[in-house]
Amino acid sequence: MTGQQRRLSVNRLAAAEVEHLPLRPLWLCRRCGQPWPCGAAKLALLAEYRDVPVSLFLYLAGCLHDAIDDLHRLNPSVTGSVADMFDRFLGWPPRHTHAYRVSTPTDFSIEEAPS
């Protein structure tokens, strides 16, 4: 293998190992170049925060705040609408999971109530 072939091989490996993380201040995915969080990043985040979905929302809320600041600083006219930014960062995770359900004691009817 020549030096040129070795460099190309190493570059392909390095690109394949890059995770789908945000490239700041542009807030694009480091791996695929899509607006972050991209589809692969969303899947990874759902898996990582599977048992603590509230922490996922807190993390994404922080990212939303940072992204608004970064993107506004770069070009205020193309930051995007508030609704678009909200949907991009906080609108996609499912909200109706078992972690959000409040358990209540079994209701009993008036007839069953002790006298």
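Trainee: Which residues do ring pairs link into a cluster?

Mentor: Rings of Phe, Tyr and Trp (its six-membered ring) pair if their centres lie within 6.5 Å; planes under 30 degrees apart count as stacked, over 60 as edge-to-face and the rest as tilted. Here, ring pairs join Trp27, Trp36 and Phe89 into a cluster. Please note that this is a predicted model, in which local features need pLDDT of at least 70, side-chain atom pairs count only at pLDDT 80 or more, and totals for chains, interfaces and linings use all residues. Residues are numbered from 1 along each chain as its sequence is written, and side-chain values use heavy atoms, with hydrogens and water left out.

Trainee: Which parts does the pair of Trp27 and Phe89 tie together?

Mentor: Helices (H or I, at least four residues) and strands (E, at least two) are DSSP runs, numbered from the N terminus. Trp27 lies in the loop between β1 (22-23) and β2 (28-29), whereas Phe89 belongs to helix α4 (residues 82-89), so the pair ties together parts that are 62 residues apart in sequence. The protein chain has four helices and two strands, in the order α-β-β-α-α-α from the N terminus on.

Trainee: Is Trp27 buried or exposed?

Mentor: Buried means under 20% relative accessible area, exposed over 50%, and partly exposed in between (1.4 Å probe, protein chains only). Trp27 is buried, with a relative accessible area of 2%, and Trp36 is buried as well, with 1%. Phe89 is also buried. Of the 115 residues of the protein chain, 21% count as buried.

Trainee: Which residue has a side chain joined to that of Asp70 by a polar contact?

Mentor: A polar contact is a pair of N or O atoms within 3.5 Å; within protein, one must be able to donate a hydrogen and the other to accept it, and residues adjacent in sequence count only if both atoms are side-chain atoms. The side chains of Asp70 and Trp27 are joined by such a contact of 2.9 Å. Asp70 is located in helix α3 (residues 53-74) and counts as buried at 6% relative accessibility.
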